[in-house]
Amino acid sequence: MSVNLENVNHFNYATKSGKVFCKRQNRVRKIAPEYKDCDKCPYLFGSLQGQGVECMWKDIKPDSPFGHYVYDPQEECLRVSELIDEGILKKG
């Protein structure tokens, strides 16, 4: 099955404990207030005004024309892991 991928802005809203899904590390992790580690990430696209982080990477086309909104990092981790297992997305 061939799936067209495109650059998608992922709006990763942090949980109350400050965790988001990290595509590069393929896991849910806590983000530092200054986005330590994120500043060197090739996927970094911006901040969410202290509410999380924006990441741009190739993904399946989202329902929203603005990007993919992530409110549950565990759910996003599962979604991305399934796409990796299916060979649609690359890990990392």
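Which residues touch the most other members of the largest nonpolar core? The close-ups below start there, using a predicted model in which local features need pLDDT of at least 70, side-chain atom pairs count only at pLDDT 80 or more, and totals for chains, interfaces and linings use all residues. Residues are numbered from 1 along each chain as its sequence is written, and side-chain values use heavy atoms, with hydrogens and water left out.

**View 1. The largest nonpolar core has 16 residues.** Tyr43, Cys55, Trp57, Val80 and Leu89 touch the most other members. Such a core is a set of buried Ala, Val, Leu, Ile, Met, Phe, Trp, Tyr and Cys residues joined through side-chain atoms within 4.5 Å; buried means under 20% relative accessible area (1.4 Å probe, protein chains only). At least two core residues come from each of strand 2 (19-22), strand 5 (52-60) and helix 1, and helix 1 gives the largest share, 4 residues. Helices (H or I, at least four residues) and strands (E, at least two) are DSSP runs, numbered from the N terminus.

**View 2. Leu89 and its contacts.** Leaving aside residues up to four places away in sequence, Leu89 touches Leu5, Trp57, Lys58, Asp59, Val80, Leu83 and Ile84. Contact means heavy atoms within 4.5 Å.

**View 3. Glu76 sits in helix 1 (residues 73-85).** Glu76 counts as buried because its relative accessible area is 4%. Among the residues that Glu76 touches are His10, Phe21 and Trp57.

**View 4. Ile31 lies in the loop between strand 3 (27-30) and strand 4 (44-47).** With 13% relative accessibility, Ile31 is buried. Its contacts include Ala14, Cys38 and Gly52. Ile31 and Ala14 are 17 residues apart in sequence, and their C-alpha atoms are 8.1 Å apart in space.

Terms used:
Buried means under 20% relative accessible area, exposed over 50%, partly exposed in between (1.4 Å probe, protein chains only).
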